[in-house]
Amino acid sequence: MKLFKAAALGASLFFVAATANAGETLDAVKAKGFVQCGVHTGLPGFSIANSKGEWTGLDVDLCKAIAAMMFGDSTKYKAVAQTTQQRFTALQSGEIDVLTRNTTATMTRDTTLGLMTPGINYYDSQGIMVKTSLGIKSAKELSGAAICVQPGTTTELNLADWFRANKLEFKPVVINNPDEAMRSYEAGRCDAYTTDKSGLATTRSTLAKPDDHVILPEDFSKEPLGPMVRQGDDPWFMVVRWALNTMLEAEEYGIKSSNVDEMLKSPNPNIQRILGVTGEMGKGLGLNQKWAYNLIKQVGNYGESFERNLGNSSAMKLERGLNAQWRDGGLMYGWPVR
C-alpha cells in the first residue's frame, strides 16, 4: 500500500527534525544489539506472522539479512507491524531503524518526507481483481462499477487517473482497512478490488475459492517497492543498500545458503570478494569480513528468498517476471561488490 501526497505533506512537518537527528542509526543499532524493522501488518509473501509471532516474507528476509550482516545472526531483529498511515511517521520519529515494508519509491517521498529508498526489492504494478462469474476480461469493461480502495493512498489516485484517462466512470468504495475492504468485495458491496498486483495475488491465495477471482491484465501504475531509511544517515543507508545488492549479486554468481561454504574455495575473484576471502569489503561498511557470508548462509540469495516466499515453492506461485535477474529478462541487477 502507498500513502498519498496529502499524508506526505502532513508528514513533512517531521522533515527538519528527522534529518537533524539522522546519522547515528548504525551506531545505535550496534549498541542495542538488534535491528528494528517496520513491516506490513500482514501480507502473505511479504511480511506475515504465524501463531507463534514468527515473521516470514520477502520484506522480512531483507530485515533478517541486515541483522545477519550486522551481528552474524539473522534472528537479531524485531519486526514492528506498520499500517500505511503509521509507517512514515514511525521511521521519521526513530521508532524503527528501517522500513522494510512494501512501499513505493516516488519523487514526493524522496523530496518531502526526509526519507529515501536504498534500492528496489520488488517491481510491481497496480491491478484490479473481480469475480470470475462476472465474465469480465478487461478493466475497460468496468465503467460504472463500484471499486473497493483504501483512502489516502496512491492506489486511490492511480485508480482515478486510469479511469479518467480512459473516459470511464466508477464508484469508489473507500475502506481504510485492507481486510475489511476484501470482506466488502467478497460480500458484493463492490464489484472489484484494487491494490498492487502482488497484494492481489497473495490475498486471492487466502480465499476459500481462489479460482473464483481473476486479476485483470491492465497495469494502472509502476510500483517499484523497496526499503526506506532516514535522509542524512549515509552509513546506515549503505548497510541497507548493500544488504539488497549482496543478495542480488549472490544469486547472479550462484552463491546459495546451501553451497556458500563450498564457494569459499571458488577461484572466481568476484566470489572471493563477496565472501570476504580477499579484499576488505566490510571495512567501508563498518562490518567484519564475514558480513556477506553470514547474510547468504543464514538468509540466502534473492532468488532463494523469492522462491520460498512468492515463487512456486510458496502458496503465491508468482512468476519472477520483472523481478528476474537482468540476464533472464528481468530488472534485478546487483551492483558489483568490489
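1. Ground rules. This is a predicted model, in which local features need pLDDT of at least 70 and side-chain atom pairs count only at pLDDT 80 or more, while totals for chains, interfaces and linings use all residues. Residues are numbered from 1 along each chain as its sequence is written, and side-chain values use heavy atoms, with hydrogens and water left out.

2. Aromatic pairs. The structure holds eight of them; rings of Phe, Tyr and Trp (its six-membered ring) pair if their centres lie within 6.5 Å, with planes under 30 degrees apart called stacked, over 60 edge-to-face and the rest tilted. One of the pairs is F163 with F170, tilted, at 4.8 Å centre to centre and 45° between the planes. Both F163 and F170 are buried (under 20% relative accessible area; exposed is over 50%, partly exposed in between, with a 1.4 Å probe and protein chains only).

3. Because they are four residues apart in helix 14, about one helical turn separates Y302 and F306. Helices here are DSSP runs of H or I with at least four residues, strands are E runs of at least two, and both are numbered from the N terminus. Y302 is buried, and F306 is as well.

4. Charges over rings. R320 lies over the face of F306, 5.2 Å from the ring centre. K131 has its charged end over the ring of Y185, at 4.1 Å from the centre. The test is NZ of Lys or CZ of Arg within 6 Å of the ring centre and within 35 degrees of the ring normal.

5. Three strands line up in the order 4-1-5, with parallel pairing; two strands pair if DSSP finds at least two bridges between them. Strand 4 (77-82) and strand 5 (98-99) are the edges, each with a single partner strand, so one side of each has no neighbour in the sheet. Strand 1 (residues 35-40) runs parallel to strand 4, joined to it by six bridges. Take Q36: its bridge partner in strand 4 is K78.

6. After helix 14. W326 is in the segment that follows helix 14 (302-309). Why does W326 count as partly exposed? Because its relative accessibility is 36%.
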